[in-house]
Amino acid sequence: MAGIGVKLNRIYHKNTITTNIVGFFYSTVVTIAPVLVVIINLMLMQKVLKFNTVRYFDRELFSCTVLYVFIFSLLTTSPFNAVLSRYMSDVIFEERYEDVQPCHRVGLLTNICFSCLFAIPFCFWEHLVGGVPIYYVFTGYCCFVSLVLVFYNMLYLSICKEYRLISFYFLVGMVTAFLLSVFLRYVCKVSITYSMLLALTVGFLLTAVLEWAKIHQFFPDNSEEYRRVFEYFRKYWQLILINFLYTLGLFIHNFVFWGTDMAMHLVRTFVCNQPYDMATCLAMFTNISASVIFISRVEMYFHERYRDYADAVFGGRGIDIRNTRERMFRQLGSELMTLVRLQFIVSVIIYLIFVIFLPGMGYAGLVMRIYPMVAAGYFILFLMYAEIIFLYYFEDLNGALLTAVSFCVGTFFASLVAVHLSHIFYGTGIWGGSAIGFVVAYLRLRWMERNLDEHMFCRGNIMKQAKGIKPSPKVFDLREQKKSEASLEIETKEK
């Protein structure tokens, strides 16, 4: 999210209560506003269309369809988007804007093919085995593909720092979806659940089209250099694993609990665990403000220290490099501690609000017993992700990969243990995995602090690496030199 720091500095410059509120609101708009817009739209559609009057089976079929659309669209787009983001950032930095179109087309084809590789067999299974009507299955499939396109196109607009445009396009898409759902239900007399699903599909598709049009408006030229994009997949293969394992770790504890006796099986196709899934959703929203706080703080404070260090590396003295490095890591530690303090206060306040008011809204019993431990796990998870971002700053892909592997594997095995514990400790899985990932990332950052000079200055090669016949290691031969001198002397005398 590099680039919002200048705007935030202008907002916070006056240091008043009003500007602090405005700054927090702006940070929210550029980070989590799209998620909030989608959730608010779903809540409004359920309220206006009287979703609670629908029979239980239809409600659960719609809920599971939307749940699977969101989870698996994130999972299938996560492996490639990090590499494509790196390629596009380098292209823009080098001002090779004509190479953006090839990147976009290669990424679009890769994401669609990889996503459909899993979605199409599932849709056949849903219709043939589960008996779900073909029109409902096809609409759910279109909703999935549309959301894949939305997530993919968001990548390019984010790199172009068009965060407000992203939020605006989501707003346009979800307003359209809401109005269309009302029209389908009360004018066309379509069923409530199908009206919501079809309207949501159209809303996501409209959002994706608007994003696609803006990208082509920004980058109209096409160099047709597609091979360069594939070379980045080979060069930065760690990014594929890092992003996928981190995203998988977000949901792998849910998958483990989907295999327990608590899980609900619907039409022999969908599997979910309502109490645990709802507790996970509440826990995520309890701590999602950490993204807002982290981006605001890093963009305003740490990025400046990092830039000073980079400037010293390229043109400063040794003492300048040491001083800027020490200031940068002091700022890094300060930002992590500030994030812990601020997010802890926010999480406690939201937790108390949920505990007090949610039971009156029907969220009680098992959900609220699972929720506290899961919320604690997500608190640590967002701190761990902040450390991964810092590792990206130092281009420590091996350290970030080690963190992602530790987090995903730790969450999986801890969740296998958690299913045998009492309900209040079900969140031990995500808590344990996040704690392991946090410790690994922290130790890696400390290692990076001690070895940053070697990491920055000792990774290059004096000679360019290439494949072919190895040249002779002989640089100078005294005997051959004397022979050449004698021959030259003879030729001179003969002349």
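1. A residue counts as buried under 20% relative accessible area, as exposed over 50%, and as partly exposed in between. Leu-352 has 45% relative accessibility and is therefore partly exposed. The model discussed here is predicted.

2. Leu-352 belongs to helix H13, which covers residues 318-357. A nonpolar surface patch is formed by Phe-344, Ile-345, Val-348, Ile-349, Tyr-351, Leu-352, Ile-353, Val-355, Ile-356 and Phe-357. Together these residues present about 920 Å² of accessible area. As general background, nonpolar side chains tend to be buried together in soluble globular proteins.

3. The overall architecture comprises 17 helices and two strands. The protein has 495 residues, of which 48% count as buried. Of the contacts between residues at least 6 apart in sequence, 81% join residues at least 24 apart.

4. The largest nonpolar core contains 132 residues, and Leu-84, Tyr-156 and Phe-394 touch the most other members. Helix H14 (residues 366-393) contributes the largest share of this core, namely 19 residues.

5. Apart from neighbours within four places in sequence, Leu-84 is in contact with Cys-103, Gly-107, Asn-111, Tyr-152, Leu-155, Tyr-156, Val-229 and Phe-233.

6. Zero disulfides are found in a search of the whole structure. As to individual cysteines, Cys-281 has a relative accessible area of 31% and is partly exposed, whereas Cys-408, at 5% relative accessibility, is buried.

Terms used
Residues numbered from 1 in each chain as written. Predicted model: local features only at pLDDT ≥ 70, side-chain atom pairs only at ≥ 80, totals over all residues. Heavy atoms only, no water. Patch = residues over 30% accessible without salt bridge, like charges linked within 9 Å, V, L, I, M, F, W, Y side chains within 5 Å. Areas by Shrake-Rupley, 256 points an atom, 1.4 Å probe, with all protein chains shown as cover. Salt bridge = Lys/Arg side-chain N within 4 Å of Asp/Glu carboxyl O. Helix = DSSP H or I, 4+ residues; strand = E, 2+ residues; numbered from the N terminus. Buried < 20%, exposed > 50% of the residue type's maximum accessible area, 1.4 Å probe, protein only. Disulfide = S-S within 2.5 Å. Core = buried A, V, L, I, M, F, W, Y, C linked by side-chain atoms within 4.5 Å. Contact = heavy atoms within 4.5 Å.
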